[in-house]
Structure formats: structure tokens, C-alpha cells
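Here's a quick walk through the model, one piece at a time. Keep the viewer open and follow along.

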Amino acid sequence: MLLITCPVTRSDELVADRRIRSVVNHPTHVALHVDCPACGAVHVYRTGRRWEATRAARAAQPAAPAHRAQHPVPA
Ligand SMILES: [Zn+2]
């Protein structure tokens, strides 16, 4: 399961693993393409320690809502 915030409806949605369309590994993060149960679109969420560190370094700049990363719910 994965908790996401839909950038369209602004609601928090608990998403089943089967709704994760693809997982792409990047050097700094993992990009999850999620089939959103709230609006039906596919959103991309980025997770990962180094991505979080990068975000922390950019804390002075407000992050765009669409780029907001969410942690998966611990199994
Ligand atoms: Zn959505």
C-alpha cells in the first residue's frame, strides 16, 4: 500500500500496490507511476533517501505540489 496526495483533488489516498503502474529507479530516487483512485490520472511520486536529502537541501524553495514525494506505508 502507498499513501499519496492527489495533486488534483488535494486528498490523501491509500493506494493498493496493483495501482502502481511502474517503478523506475533513478540514481537519486525511485519514481512511482501511480494510477490515482481519486481522479483517475497517473501521478508520478518520487521516493528515496537521497531524493529526500536533495529536497531538504532545497527546503528554502517551496516544492511544486506535483513533485511532492510520499513514503510508502511500511510493510
Ligand atoms: Zn489524482
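## Cys 39 and the zinc site

Let's start with Cys 39: this is a predicted model, and in it Cys 39 comes out as partly exposed because its relative accessibility is 31%, which sits between the 20% and 50% cut-offs. Cys 6 is another story: its relative accessible area is 0%, so it counts as buried. Both cysteines hold the zinc ion through their SG atoms, along with Cys 36 (SG) and His 43 (NE2), and the distances run from 2.0 to 2.3 Å.

Along the chain, the zinc donors are spaced as C-x29-C-x2-C-x3-H. Cys 6 and Cys 39 bring together distant parts of the chain, 33 residues apart. Cys 6 is in the loop between β1 (2–5) and β2 (12–15), while Cys 39 is in the loop between β4 (30–35) and β5 (42–47). As for geometry, the angles subtended by the four donor atoms are 102 to 113°, so the arrangement is tetrahedral.

## The sheet

Now for the strands. Three of them make an open sheet, in the order β3-β4-β5, with antiparallel pairing. β3 (20–25) and β5 are the edge strands: each has a single partner, so one side of each has no neighbour in the sheet. From one strand to the next, the twist averages 20°.

Zoom in on β4 and β5 and you'll find six bridges in the antiparallel sense.

## Asp 35 and its two arginines

How many salt bridges are there? The count is two, and they join Arg 19, Arg 21 and Asp 35 in a network. Asp 35 meets Arg 21 with the closest N and O atoms 2.8 Å apart. Since Arg 21 is in strand β3 and Asp 35 in strand β4, this pair ties together parts 14 residues apart in sequence.

The other salt bridge runs between the side chains of Asp 35 and Arg 19, at 3.6 Å from N to O. Arg 19 belongs to the loop between β2 and β3, 16 residues from Asp 35.

Arg 19 is partly exposed at 26% relative accessibility, and Arg 21 counts as exposed at 54%.

How values were computed. Residues numbered from 1 in each chain as written. Predicted model: local features only at pLDDT ≥ 70, side-chain atom pairs only at ≥ 80, totals over all residues. Heavy atoms only, no water. Donors = N, O, S within 2.8 Å, 3.2 Å for Na, K, Ca; no water. Tetrahedral: all angles 85-135°; square planar, octahedral: opposite > 155°, others 65-115°. Helix = DSSP H or I, 4+ residues; strand = E, 2+ residues; numbered from the N terminus. Buried < 20%, exposed > 50% of the residue type's maximum accessible area, 1.4 Å probe, protein only. Pairing = 2+ DSSP bridges. Axes fitted to C-alpha atoms, helices over the stretch in contact; angles between N-to-C directions. Salt bridge = Lys/Arg side-chain N within 4 Å of Asp/Glu carboxyl O.
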